[in-house]
Amino acid sequence: MSPGRSSEMSFMVEFNSHIQSYFITSTYGNETLVNRCLEQLAASAPESRTFDVSVYECNVFFINLHKLLSHSMKKSNLLWSVVAVLEVAVYDDGTRLALVDKFRFLPVISLLLLEVHTPDQQKRVLSLLHHLSYGATIDGQEMFIERLMQKLLNLIEQNHQKQERCELAQLALSVLVNLCYRDLSTTFVLTRNTNISGFCKQIKKFGLLACKMYIILEQNDYIKEIDLHYLLRMSFEEVRLSLASKNSFSLRHVVDFLRYVRTLGDTREGEPAKAALADEYFQRDLKEFLAEIEKYWENRGTPESETEGRKKKAKQKVELRKDRTSDGLFEILECIVLLKPDDQELYRKICEFGPLRLINNARDDCSKAVDLLRTVLEKNPKDATFAGECKAILATLMATITNNDDERLAVAFARLLTTIGKALNEIDDPMNVVAEQFYQRLFASVLNHSRDCATFDYTLADGPMRVYLWALHTFTELANLCPTYWYAKLTNLFKQKPIQFLIAKGLTAGSSDIELLEALLQVTASADFPKQDVARMIDMLKCNVPVTGGHNHRSPLAPLSNGGAEHNIQPPTGYTFIRALSRDLQERIDQAVVQMQDAKAAGLINDVEKSELVEFYTYKINMQTNLMNDLRTSLESTTAQITTLMHQNQLLMAEIDKNQKKSLPLLLKESALENENRLLECELVQMKSAAATYDKKTSQMKQELAEYIKKCGEKSQKCAAMVKEIEHLRTRDDNYEKENKRLQQELATMTKNRDDARKLLKLGEEDRQKLTEQRDAERKQFECKIRERERDISKRNDLVQQLEQTLVQRDSTIETLEADATNMREKLKKHENRIAQVEAELEENQKIQQAIYSLMNKNKK
């Protein structure tokens, strides 16, 4: 973790500690501390991924932020500090979707829109709603959706005639498009709360946004010609108007539409798409679009415009801190390059801009510009001149990467470096220098601590992991192009356990990034790739680390997936049936009350008793209405309780994931110790076999020595008899004396051999005893280590069981709340039956009245 990110995490931890005191006392001092932490977090760079939802402290932070936002609607300082933090957090797509699905920020932000009244504040909240609602899955039956849509429709109705394209109304329409796209429930809520014909007339001048809303509402009469030709022209017109008004949020819709057009190439609509792209109007619009971009960059690059922009930014604090206009323009250019890779005019214009100018125009965040350069180079790999110009900016990009922690820029730089190497088909010394700097920045810590697995952070989030994996793919390609410089480095990387772990995690993460998966498969095809080690890592991850399923989120103008969708935790919708019944009941009650009041006012009910009866039933109906309002209030509190339980469940899941990630280094250590233990066991078996062989040889030598001693004893007895015989016969025969001397010499030799054998036997006994003692000591040492590891693993298992019991208790609480909701439905059904009886009695009274009127008319006649 970088120093900047660690300081931002410290502010987050400090906020989590101060907010608890603020919730209890709400004093000015606590409010000041909380506000200071929020301002520090809001000042963080969006590219640094401060708000990473895979970190436990970040989950606690967002839950506290949700609670603070729900209770601080009237405190402007805290309120807008929270909004500023959320504006930074939505920059990351994963965090943005988590804010909607896991932490349920959309209802409280919608409530905030109902509370603010100044145009600047409304614009700021609408901009935040635009980013939160983009690609999110929202149930139209939720209680806040209808109020939110009514507010958005009121904003459009109040502001659509103020100027040519009012930004407030345009933002409101953009939020409506995000909410209604491919969602029948939210579209139904929209159609129920407005007159479609009048609404379509109001949004007629909003260009591509209006076209997308017409398509959603199936109002084809308001579009001249719904085909790709017209929509492409509207896209370029939207870009021109966005650049003129400096409203960048609508560029997101243009990018989505162009990506959608690209997906039509593999469908039945591929031929119309090609025809639309080859149309002369498209060529003319593209030429005007490139001129508009050049004009925009020239105007922004002047000192006067920069000074004006800084003054405007200082005066107005209602927009997002980061200007995303440049990002949107580069994404649109990349989409057009992918749509028309053979367009020489477009390629010539981009070459005229030049890589250096494109990077400079990107300003603070140049990752989109780098992606554009890579895409252009991939579509024109034979242009060595353009590849050389891209190579010239590598040193500048490397300096930018060194000075910040932008993960998107690091990934884009790695892929551009690979593409340049493939285009040039060689790696020269300047490229090796830049690549070496990139290599040392990413992998120096891994290589310096290669022997200690605990120094590597195995709890890496998805963003840093993608940087490592793309860099590994880059150095694999460089090793193919320049093996003398990079082959040994790549082989050394493959031997490191952290790198093997990253590859295994990338292969098993189930990520939707198909390009990264293809890059990893290319890495695994390397000749020196450690397949067995990575396979063991994959087995370990499957057995010990839970795989979290991805989320299927809507992306406007994105093709629907044919595969099976994974089930996510949805917002509470148990009150759907009750809301429908209450809405119908309310309409019927309102109609009955209006009819009775009209009849009474018109004098149709003259009898005092009938009038009192009508008032009595009116009172009973009002009582039922109040009861329904109470039930609706109870449902809102139940929804709040379910939201709290979802937050607690998210915290528990994050804590379980945190503990399991912490146990991963211990598992790796245990695996290493088991491997070492197996090697030592093999050595012990070999030593036992050698000792057994040595014992066998020693026993054979002992047996031979015993036989030899026995033979020596027999010969000694013979010698003794011969000595006695010699003593008696010495004087008689000299030959006996010679024989005696010879036998004595032979006996001395045999005695010497016996002594030597005894010494060898003693040495063998001592060696065997030492080996036995050493073996027993080593066995006791390894048994102690194994017992210690088993105790650590048992402690971890106990902690996981406790957390699982807590989850079971939460599930039982949710079931209890669902049972209460069922009881409420039964009560509603009884009240509806009673109201039906009242209506039947009212009908009978009306028949009696009609009969009385008819009799009166007959009497008059």
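This is a predicted model: local features need pLDDT of at least 70, side-chain atom pairs count only at pLDDT 80 or more; totals for chains, interfaces and linings use all residues.
1. Setting aside neighbours within four places in sequence, N16 is in contact with E57, V60, F61 and N64. Two of the polar links can be described at atom level. The side chain of N16 makes a polar contact with the side chain of N64 at 3.2 Å, and a polar atom of the N16 side chain lies 3.4 Å from the backbone oxygen of E57.

2. Is N16 buried or exposed? N16 counts as buried because its relative accessibility is 11%, and the cut-off for buried is under 20%.

3. Now have a look at helix α3 (residues 56-71). Its 16 residues should span 22 Å at 1.5 Å a residue, and its end C-alpha atoms are 23 Å apart, so the two values agree. The buried residues of α3 include V60, F61 and N64, each of which is also a contact of N16. Others among the buried residues of α3 are C58, N59, F62, I63 and L65.

4. How many of its residues are buried? The count is 14 of the 18, so α24 is largely enclosed by the rest of the structure. Just after this helix, N425 takes a positive phi of about 60 degrees.

5. For a view of the surface, turn to L760, which lies in helix α33 (residues 734-860). L760 counts as exposed because its relative accessibility is 52%, with the cut-off for exposed being over 50%. Together with M701 and L763, L760 makes a nonpolar surface patch of about 310 Å².

6. Finally, stepping back to the whole protein chain, there are 33 helices and zero strands. Of its 861 residues, 44% count as buried. The accessible surface comes to about 46,900 Å², and carbon and sulfur atoms account for 51% of that. Among contacts with a separation of 6 or more, 78% are between residues 24 or more positions apart. The contacts of N16 with E57, V60, F61 and N64 are handy ones to look up in the structure.

How values were computed: Residues are numbered from 1 along each chain as its sequence is written. Side-chain values use heavy atoms; hydrogens and water are left out. Patches are made of residues with over 30% relative accessible area and no salt bridge: like charges are joined within 9 Å, nonpolar side chains (Val, Leu, Ile, Met, Phe, Trp, Tyr) within 5 Å. Accessible areas come from the Shrake-Rupley method with a 1.4 Å probe; for residues, only the protein chains shown count as cover. A salt bridge is a side-chain nitrogen of Lys or Arg within 4 Å of a carboxyl oxygen of Asp or Glu. Helices (H or I, at least four residues) and strands (E, at least two) are DSSP runs, numbered from the N terminus. Buried means under 20% relative accessible area, exposed over 50%, partly exposed in between (1.4 Å probe, protein chains only). The expected span of a helix is 1.5 Å times one less than its number of residues. Contact means heavy atoms within 4.5 Å. A polar contact is a pair of N or O atoms within 3.5 Å; within protein, one must be able to donate a hydrogen and the other to accept it, and residues adjacent in sequence count only if both atoms are side-chain atoms.
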